[in-house]
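Subject: Structure for you to look at

Hello,

Here is the structure I promised. Please open it first, then read my notes below.

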Amino acid sequence: MHGPASPGWLLVALCAATGAYCLLRMRSAVEEQRRAAGGEALMGFGMAAMAVPAAAFTPPAWAWPVFAAVFGAAALRALWAARVGAHHLHHLVGAGAMVYMAAVMATAPAHQHGHGGSGIPLLTGVLLLYFTGYVLLAGVRLLPVAGTGGAAVAWSDRPEVARACRLSMGIGMLAMLLTM
């Protein structure tokens, strides 16, 4: 992604840390938690790799089609999983956004930063609106609810940490779309 180096490295760190936590969540005793965590780990590490500032490392031309293929496969998996639960549609939108960003980066000249004054393309604008809404909703879901206490839960099974993980990936997606 194009943009200043310092925020780019912060985005890389955020996405990599989120991906690492999602790997820990894959050890959960709950099957659905493990399955969702695997897709989220892929998304976190993929976002981290795509967010490396161009000043530090410019991926070879073949890397962007590889990203598009990997996230295209993830989108197909999310589409298949959406048959049993609509909550998988968010994974479909996220994977589709990654395919879109990889395609844009593959077709953009290396020296081109941003959109050259032509404004925000329609799909980018729609994705920005979607992820802004998602981030706001995910943030509200993190607000504490009075009277919620209970037994100790394994670190990898804590629902509030999983929600914070999803919130940070949503924020990362917003940042990547803005710097595209």
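A search of the whole structure finds three aromatic pairs. Rings of Phe, Tyr and Trp (its six-membered ring) pair if their centres lie within 6.5 Å; planes under 30 degrees apart count as stacked, over 60 as edge-to-face and the rest as tilted.

One of the pairs is Tyr-130 with Phe-131. This pair is edge-to-face, at 5.0 Å centre to centre and 85 degrees between the planes. Tyr-130 also pairs with Tyr-134. That pair is stacked, at 6.5 Å and 15 degrees. Tyr-130, Phe-131 and Tyr-134 form one aromatic cluster.

Tyr-130 and Tyr-134 both lie in helix 5 (residues 122–141), four residues apart, about one turn of the helix. Helices are DSSP runs (H or I, at least four residues), numbered from the N terminus.

How covered are they? Phe-131 is buried, because its relative accessible area is 2%. Tyr-134 is buried too, at 15%. Tyr-130 counts as partly exposed, at 30%. Buried means under 20% relative accessible area, exposed over 50%, partly exposed in between (1.4 Å probe, protein chains only).

Now helix 2 (residues 31–50). Its 20 residues should span 28 Å at 1.5 Å a residue, and its end C-alpha atoms are 29 Å apart, which agrees. The expected span is 1.5 Å times one less than the number of residues.

Two notes on the source. This is a predicted model: local features need pLDDT of at least 70, side-chain atom pairs count only at pLDDT 80 or more, and totals for chains, interfaces and linings use all residues. Residues are numbered from 1 along each chain as its sequence is written, and side-chain values use heavy atoms, leaving out hydrogens and water.

Best wishes

How values were computed
Helix = DSSP H or I, 4+ residues; strand = E, 2+ residues; numbered from the N terminus.
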